[in-house]
Amino acid sequence: CIRDRSLGQLVRERGVTHLQCTPSMARMVLQDSADAEALQSVPHLFIGGEAFPESLADQLLAGSSTSVTNMYGPTETTIWSLTHTLAGPGPVPIGRPIANTRIHVLDRFGRPVPPGVPGHLWIAGDGVARGYHGRQELTGRRFILDPYDPTGGRMYRTGDRVRVGADGRVDFLGRVDHQVKLRGYRIELGEIEAALEATDGVTAAAVAHRAAGDSESRIEAFVVRESQPLTEAGLKRALREVLPDYMIPGRIVEVVELPLTPNGKVDRNALPMIEETGTGGVDHVEPASELEERIAACWRNTLGRERIGVQDNFFDVGGHSLLVVRLHRELAGVLDPSPSLVDLYRFPTIRALGEHLSAGNDTRHLAQSQERAGRRRDMIARRRRRTS
């Protein structure tokens, strides 16, 4: 079973030579010195699925002979369309088109822009998909005939803003719309907003994708409510009924009103920054035992939060699948025996996990006591046989 072994252990055991992961995963692995050494020993690293931060590129290249390649491409063009192999420090471009792939950087009227000028990225070539199954209208908007292809091929509108440098390499500048990528998942912020506004008691909602320090980015949601009180935990429970876990905002806060632009649209740039306080809508309860305090300390290190209660749900206060792996590693360093990764999903609060571990220890101690008693009975029986 490999579920409780770190990525670094698997890399060393299996002799991995090529590894592909998201920037979020790579950054998490680098936080453990042993795993970082293993990752940097892989001859070929392929990083894709999200924007590639310059700081992460510097970490991966530091003191390593590993070849690091930035991989860019949407699913609609058969995954990878442009690549760039890092050669040193500096911003990380998405590179140049791979074989049998062409790109166009166009303005909003569909006209080519000169090098150095931002534009919308369109991808053409053999990798372009046929379209979206059963969604002809959307297919017609995103897949159109390529006017620059005399053979009548098609091109796909990525929705990304890019700029072509003088050397022909393409730099990623961000999204044209409100679609983002987080931990390798493509997320439509509007879909989260619609789900929130469909929740009883919510009259308006706005969702933003924000950097949270140097290592993480997150989805934040702001809601305007009716007279009835709403809790963050309750809203997240409602969202989990209609959305996958990776689309659940890390934080949801109530505001009196949403900021608007002069033309009446939500001004996402004016949304307030959410401070990392609060406990996701449950009463704050301090640790009541040494075991709970040890677990809470690991939570604080993993989530980067000072105020953690034993009844907080890990996934309601900013936790996600990658942070679960990090938490597992933290706990393994201070608990014996340590919980499995599965335990962290089964018991997502400090109190529940502590009770589970305590019950396991009691069972183990009982078994050890019974084993010792059995050995004493056997020893007494042997002595009696020798003296009879």
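What follows is a short chat about a predicted model of a protein.

Colleague: What are we looking at, a real structure or a predicted one?
Modeller: This is a predicted model.

Colleague: OK. How many helices and strands are there in the protein?
Modeller: The protein has 11 helices and 15 strands.

Colleague: And how much of the protein counts as buried?
Modeller: Of its 388 residues, 41% are buried.

Colleague: What about the accessible surface?
Modeller: The accessible surface is about 20800 Å². Carbon and sulfur atoms hold 51% of that area.

Colleague: Now contacts. Take residues at least 6 apart in sequence. What share of their contacts join residues at least 24 apart?
Modeller: That share is 55%.

Colleague: Let's pick a helix. How many residues does α8 have?
Modeller: Helix α8 has 14 residues, running over 290–303. From first C-alpha to last, α8 reaches 20 Å. That is close to the 20 Å expected at 1.5 Å a residue.

Colleague: Which residues of α8 are buried?
Modeller: Leu291, Glu292, Ile295, Ala296, Cys298, Trp299, Thr302 and Leu303.

Colleague: Why do we say those sit on the same side of α8?
Modeller: Because they cover an arc of only 160° around the axis.

Colleague: And which residues are exposed on the other side?
Modeller: Glu290 and Asn301 are exposed there.

Colleague: What follows α8?
Modeller: Gly304 does, and its phi is positive, near 70°.

Colleague: Where does Thr78 lie?
Modeller: Thr78 is in the loop between β3 (67–72) and β4 (82–85).

Colleague: Is Thr78 buried or exposed?
Modeller: Exposed. Its relative accessible area is 53%, and the cut-off for exposed is over 50%.

Colleague: What about Asn100, what is its phi?
Modeller: Phi of Asn100 is positive too, near 65°. Asn100 sits in the loop between β5 (96–97) and β6 (101–106).

Colleague: Why does Asn100 count as exposed?
Modeller: Because its relative accessibility is 55%, and exposed means over 50%.

Colleague: Last topic, peptide bonds. Which residues does the cis one join?
Modeller: A cis peptide bond joins Asp336 and Pro337, with omega about 0°.

Colleague: Where is Pro337?
Modeller: Pro337 is in the loop between α9 (321–332) and α10 (341–346).

Definitions and conventions: Residues are numbered from 1 along each chain as its sequence is written. This is a predicted model: local features need pLDDT of at least 70, side-chain atom pairs count only at pLDDT 80 or more; totals for chains, interfaces and linings use all residues. Side-chain values use heavy atoms; hydrogens and water are left out. Helices (H or I, at least four residues) and strands (E, at least two) are DSSP runs, numbered from the N terminus. Buried means under 20% relative accessible area, exposed over 50%, partly exposed in between (1.4 Å probe, protein chains only). Contact means heavy atoms within 4.5 Å. Accessible areas come from the Shrake-Rupley method with a 1.4 Å probe; for residues, only the protein chains shown count as cover. The expected span of a helix is 1.5 Å times one less than its number of residues. The arc is that of the directions from the helix axis to the C-beta atoms.
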